[in-house]
Amino acid sequence: MGSLKDTPSTRPKVASVELAALAQRLEELKSVLRGRPSRGCVGLWSESVNHELAGGGLGRGLVHEWLGVEDAGPSPRSMGGVSRWTPAISLFIDLVFRCCDGAGPGRVAWVGRAVWPYPAALLGPADRGRRLSEERSLFVRAPRSSERLWATEVVLRSSAASVVVADGSGLDLAATRRLQLAAEAGLSVCLLARPGVEVSELSASATRWLVSRAVSAGASRRWTVELLRCKGVQPAARARSVWVLEQDRATRAVRVAADVLDRSRETAHEGGFAQRTG
Amino acid sequence: MRVGLRSERGERGAWVGGGGEGGQGVRGRLAIILTRTVASRELVAGRCEVAFASGVREGMDLAHARSLVPARVVVHVEPYRVDRVADRLHALACWAVRFSPLVAVDPPDGLLIDVTGTERLHKGESRLVRAVVAGLNRLGFAARVCAASTFGCAWGVARYGEYGLSRIAPGREREAMEPLPVESLRVEAGTVRALGEVGITNVGHVLNVSRASLAARFGPELLSGVRRALGEEREHIEPVRPAEPSRSVLHFDGPTDHVESVEAAAARVLEELVGMLAARERGVRRLDVEVLRPRAAAVVFSVVLSRPSRNGKHLWTLVRARLERVDLGEGVEGVVMTAVRTARLRHEQSECAALGAGEQGAGEGAWGELIDTLAGRLGADNVTRACAAESHLPERAFCQRSVMEPVGRVPVRVTSADRPTVLFDQPERGEVMALTPDGPVLSLKWRGERVRVVRCLGPERIGVEWWRGGVGDGPARAGRDYFTAQTDGGRWLWLFRSVGTGEWFVHGEWG
C-alpha cells in the first residue's frame, strides 16, 4: 500500500561529479584547519587503478590494509602452527620502492616478523635502479600485538619513515582507528598486512585490498588484487575493482597484466539488488 | 709515530719517528694498505710494515702493490680517511700522557712529548725511550724514536736518521743533524726545491752558509728551522688535554621515595648535563644514570643512543622510561648522570633536526630518535638492520645486526639472481616426484599435502663453503640444486635438492 518506504527509485539522484567536488573541497578545508600542507599520494601500477582511488593513488598519512594471501592446507610449522597466511611481500616491496621514489631519502620500517622480507630484493646489486641501502630499512621484532601496535604508532607519529609496513593480524576497530589517527599526525604511508580471514573485521583504514594468487602461464608471477573499500569513493561509482598484477622475474617490476577480463562491479551489484526486491 | 720528549734541565728532547700507519702489521700474515682515489685511479696512501717489506711504497698503483705482496699474506685494503687518522692520533696522544703530561700531536703520524724533569721517574732517558717504543709496539704500531735536546733535532733524526731508536747527547745536535737531508729542518717543499737548485742537499751545507744570506734568499722559515734545531730558539708545543667525561650530580638533603621528586631531580640533572655538552659541542652516545640509595647499592642503568644527541626532550623520554622501572626501596638520596661516550656534534645539526621534524624529509635526527625510542622499549636486539654478509649460501647471505652497531663496513656484493621474498627459518622436507632423479619436478608433497607443479625452472647450483673446512652442516653437504616451481594454485616455491643425499627441501617462497 502507499508506504513511505524509501525505494531506490524515489531517492534523489545527486550527480556524482558534485559529490566528488564537495569531497575535495572538504579535504582542502580540513587541511587548512589543521595547518598542514596537502600531502599528495603515491601513484600505483596503472592509471586504471589510480583512477579508482580518492586523490589518484595511495594517500600519504593514511592506513591501507592489504588482506594477504591465504595458504590452502594445514598450518605451517614455521609459523608456530597458528596462522596460515603469507603476506604479499613482493607487492609490498614494489609499493615501498614507489613510496620512496619521491623527494628526500626514503626510509622504511618493517614492523613484525611476519612481514620481514628476505633482504635480497631490498639490498640488490648497486647497478639496479631500485635499491635501498642498509641504513634505510629498519626491521622491528615485536612478538606481542600490543607492542606491534605501539611500535607502528611511534613510527607513524615521528614521520621519519616514508612508509611503514606492519603486521596487523589480530587488530580490532579501536586499534586501526588509533593507527589512522597516528598516520594523520605524520606523513608516512602505512601498509597493514592482515590475513585474508579477517576481511569480516571492521576496520578504520582508508583503503582495503584483498590479494590472492593467480596462475601465470609464463615465468612471471601473478596476483589478483581486489579493491574492497576506498574511503571517499562509493562502491557503485567504481568502474573496476579487480586487477591482475604481473611481476617480471628479471626486472622485478610490477604492472597490470594486459590480457585480463574486465569485470565491472555494477552488473553484479544490480543483479544482487534485483534479487532482493524481487 | 713520534713522541717528542724534551727536558728543561739538560735541554733534552726526544722524537719518536713513525714507520707507518698500521695495525697488526708486525706479525707477517696480514698486510694493510690504505688507498686514496686520484682521478679514478687508486693509489697507495699508507702501508704497514709487512707491505713495506714486500716493496709497497706510497704513490704506487694499488694493483701493482697487490702483485708485490706474496700470496700467503692476506691483503686488507681500506680507503685513507684523514679524520680517522687524526682521531686515532689524538687517542694515542691521550695514551702517551702516562710518560709526561705535555704531549702534542704532530700530524700526520707523529707525537711530541716534553719530558722535562721526568728522568728520575723513568730512571734514565734510555729506559724511557725503550719504554715508549715497547708500549707503542704493544699497541701495534711500528715507531721510530729519537731523544734529543731540541724538538727540531729529534724530529729530523727520527724521520731521516739511520737508526730506529736514537739518543742525541746534549750539545751534539749539530753533528747529528749534518748528514740529514734538508727536509729534516721542517721546511716547505718549495724551499727544498730552491735549495736543491743551488746544490744544498743536506743540513751540513745549510749550516755552512751564513745566516744572513739564508734569511735573505730562502725566507725566515728556513732560518728559524735551523735555530730551533740547534737550540738557539725555544720551541713550544700545544699539549693535548684528555677530556674528562661530563658528569652532573645532585644530592638530596635526605632520602625520599616520592616518585615525582626523584623525576624532577633527574630532569634537573639532565638539563645541567645537556648544558655541559652544549658548551663542549658534543653529543652523548651512552649515558649512565646512577640512583643513589642509603644503605644499599646504587642502581645503575645506561641509555645507549644510535646517534650522538643532546636533545634534552629526547634524552628525557629515554631516561624517564627506564627511571620508572627503578625500585625506589627505602628512598633515594641522589642522582648522578655521566656522559660516558660522547661524540662531536656541532650546533647546527641539532637545530636542523628540530626544524625538519614535521616534514617528509625529516632528516637523520628524527630517524635516530625513532630508533632510540623503539630500542629503549623493545630492546636493542629487536630493532635491527639487514646487512649483507660474506657468504653465498642463501641463509647466511644476510644477517640482522642490531641498530646500535655502526654501519660503514666494507661493501659486500649482493647476488643479482632471483631470490624469494620469504625464506623459511629451516628448510622443510618434501617428497618430490620428478621425471629424472635430478630433474624438473612434477609434483611435491609438502606440509602433509600433495600439490601439482605446473612449471619448474632451474636448476641453479649453490656450492658448499669449502673454505670453512670439512663438510658443511645440515643439508649442504655437497652443494644444492635449486629449482623455482609454480604450483597449480599459483604459488611459487623455491626448492632444492641436496646433491649428496638426494633429499628435497623447500627453502622459501615468493609471497
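Reader: Before we start, what counts as a helix or a strand here?
Author: Helices (H or I, at least four residues) and strands (E, at least two) are runs assigned by DSSP, and they are numbered from the N terminus.

Reader: Thanks. What kind of model is this, and how are the residues and chains numbered or lettered?
Author: This is a predicted model, in which local features need pLDDT of at least 70 and side-chain atom pairs count only at pLDDT 80 or more, while totals for chains, interfaces and linings use all residues. Residues are numbered from 1 along each chain as its sequence is written, chains are lettered from A and ligands numbered from 1 in the order in which they are written, and side-chain values use heavy atoms, leaving out hydrogens and water.

Reader: Let's take Glu246(A). Where is it found?
Author: Glu246(A) belongs to strand β12 of chain A, which covers residues 242–247.

Reader: Is it buried or exposed?
Author: Glu246(A) has a relative accessible area of 13%, so it counts as buried (under 20%; exposed is over 50%, partly exposed in between, with a 1.4 Å probe and protein chains only).

Reader: And what does its side chain make a polar contact with?
Author: A polar contact is a pair of N or O atoms within 3.5 Å; within protein, one must be able to donate a hydrogen and the other to accept it, and residues adjacent in sequence count only if both atoms are side-chain atoms. The side chain of Glu246(A) makes one with the side chain of Ser220(A), at 3.0 Å, and another with the side chain of Arg222(A), at 3.4 Å. Beyond its neighbours within four places in sequence, Glu246(A) is in contact (heavy atoms within 4.5 Å) with residues including Arg221(A), Ala253(A) and Val254(A).

Reader: Moving to the two chains, how many residues are in contact?
Author: In chain A, 58 residues are in contact with 55 residues of chain B.

Reader: How much area do the chains bury between them?
Author: Chain A and chain B bury about 5000 Å², with 57% of it on carbon and sulfur atoms. Buried area is the accessible area (1.4 Å probe) that two parts lose on being put together, summed over both. Tyr118(A), Leu138(A) and Trp150(A) supply 15% of what chain A buries against chain B, more than any other three residues.

Reader: How many salt bridges does the rule find across that interface?
Author: The rule finds four, a salt bridge being a side-chain nitrogen of Lys or Arg within 4 Å of a carboxyl oxygen of Asp or Glu. Arg249(A) forms one with Asp418(B), and their closest N and O atoms are 3.0 Å apart.

Reader: Which element gives the most to chain A's side?
Author: Elements that each supply at least two residues to the side of chain A touching chain B include α3 (89–99) and α4 (145–158). The most comes from α4(A), with six residues.

Reader: How do the residues on that side divide?
Author: They divide into 31 nonpolar, 12 polar and 15 charged. Ala, Val, Leu, Ile, Met, Phe, Trp, Tyr, Cys and Pro count as nonpolar, Asp, Glu, Lys and Arg as charged, and the others, Gly among them, as polar.

Reader: Which strand of chain B does β7(A) pair with?
Author: Two strands pair if DSSP finds at least two bridges between them. β7(A) pairs with β14 of chain B (residues 383–388) in the antiparallel sense, over two bridges. Val140(A) stands opposite Val383(B) there.

Reader: New topic: where is Thr421(B), and is it buried or exposed?
Author: Thr421(B) sits in the loop between β15 (398–402) and β16 (422–434) of chain B, and it is buried, with a relative accessible area of 5%. Its C-alpha atom is separated by 6.2 Å from that of Gly511(B), 90 residues apart along the chain. Among the residues in contact with Thr421(B) are Ile89(A), Trp116(A) and Tyr118(A), as well as Trp510(B).

Reader: What is the phi of Ala39(B)?
Author: Phi of Ala39(B) is near 55°, a positive value in a residue other than glycine. Most residues other than glycine have a negative phi. Ala39(B) lies in the loop between β3 (30–38) and β4 (41–47) of chain B and is exposed, with a relative accessible area of 68%. Lys123(B), also not a glycine, has a positive phi of about 60°.

Reader: Finally, how many helices and strands has chain B?
Author: Chain B has 15 helices and 21 strands, and 45% of its 511 residues count as buried.
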